[in-house]
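Here are a few friendly notes to read alongside the structure. Please keep the 3D view open as you go through them.

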Amino acid sequence: MDETEELEPVEIREYGGTDLSSVDDFRENSIRGPQHIDDIASYRLKITGLVDNPKNHTYEDVIDNYQHYKKVVTLDCVEGWSVTILWEGVLVRELMAESSPLPNAKVVIFHAYDGYTTSLPLDYIMNNDIIMAYKMNEVTLPAERGFPFQLVAESRWGYKWIKWITEIELSDDVNYRGYWETRGYSNTGDLDKGFFEE
Amino acid sequence: MKNIANQHLFKRIVHWLLAILVIIYLVTGFGITEFRTVETLTLGLLTKSLAFKIHNNLWIPFIILLGLHVFLTLIKKRKKAMPD
């Protein structure tokens, strides 16, 4: 009777005095519907492109070998809704540092399991505490929300918050455009500007 | 007589334009929130970004037409209520 059995975690709805949205408050608006990566043992997170040392991380590699960070950040979707969530993850710049980006790398291109892509300037990733989350509100990301990893691209519109990340590619192509960016959305995705290209 | 006919035609145009605008508003709204379905149904013609652009630019004509619609309807009711 002394043994304690761990039950399924339940999401928290308040953190440090901030009311949090629920995991269920998101609208499903991915390009091909929720992706289910059932076999996490075969999942790989690739770090490729303009790096000295390309990597092929397993899910456990990322979770076990990098410092974990928590942050309350609000996601603002171009559709007009927003959610405030406690995100937990690893810093993208720490993940990339081990791969030693080359000096001519300017852009970080994120690829997802469903073929979705988006990009952000390397400076933005390096100069801000941008995390790649594996938990939200203290529970592991559900498949619908981007398991195993979702980018927390704070101060950027929701289409920059790529889910189901499979590859982080460093590039010198400053004109690279991701899925929605090729369809007219702003390439910077700055929250304080409109989301359509000027 | 001609003036009354013109007024009647104007009212009809306003009412029909408003009806069409409401339908476009609805379709483009779905084109944003249910973009996968709408893109498929329209054979890729109404994309999410196009739906956004149309939807976001409709509010001024919508308010003008709605205002005209209400105004014209109130005038008609008032005229009917007036004793001969």
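Predicted model: local features only at pLDDT ≥ 70, side-chain atom pairs only at ≥ 80, totals over all residues.

1. Let's begin inside chain B. Helix 1 of chain B spans residues 2-33 and helix 3 of chain B spans residues 48-56. Their axes lie 8 Å apart, and the two helices pack at an angle of about 140 degrees. Angles over 145 degrees would count as roughly antiparallel, so helix 1 of chain B and helix 3 of chain B are described as oblique to each other. Their crossing is left-handed.

2. Which residues bring these two helices of chain B together? From helix 1 come Ile24(B), Tyr25(B), Thr28(B), Gly29(B), Gly31(B) and Ile32(B). They meet Lys48(B), Ala51(B), Phe52(B), Ile54(B) and His55(B) in helix 3. Sorted by class, this contact has 6 nonpolar, 4 polar and 1 charged residues.

3. Now turn to where chain B meets chain A. The contact takes 14 residues from chain A and 10 residues from chain B. About 990 Å² is buried between the two chains, with carbon and sulfur atoms giving 57% of that area. On the chain B side, Arg36(B), Lys48(B) and Phe52(B) supply 46% of the area buried against chain A, more than any other three residues.

4. Glu34(B) forms a salt bridge with Arg27(A), and their closest N and O atoms are 3.5 Å apart.

Notes:
Residues numbered from 1 in each chain as written. Chains lettered and ligands numbered in written order. Heavy atoms only, no water. Axes fitted to C-alpha atoms, helices over the stretch in contact; angles between N-to-C directions. Helix = DSSP H or I, 4+ residues; strand = E, 2+ residues; numbered from the N terminus. Parallel < 35°, antiparallel > 145°, perpendicular 65-115°, else oblique. Left-handed = near helix turned anticlockwise from the far one by under 90°. Contact = heavy atoms within 4.5 Å. Nonpolar A, V, L, I, M, F, W, Y, C, P; charged D, E, K, R; others polar. Buried area = accessible area lost by both parts, 1.4 Å probe. Salt bridge = Lys/Arg side-chain N within 4 Å of Asp/Glu carboxyl O.
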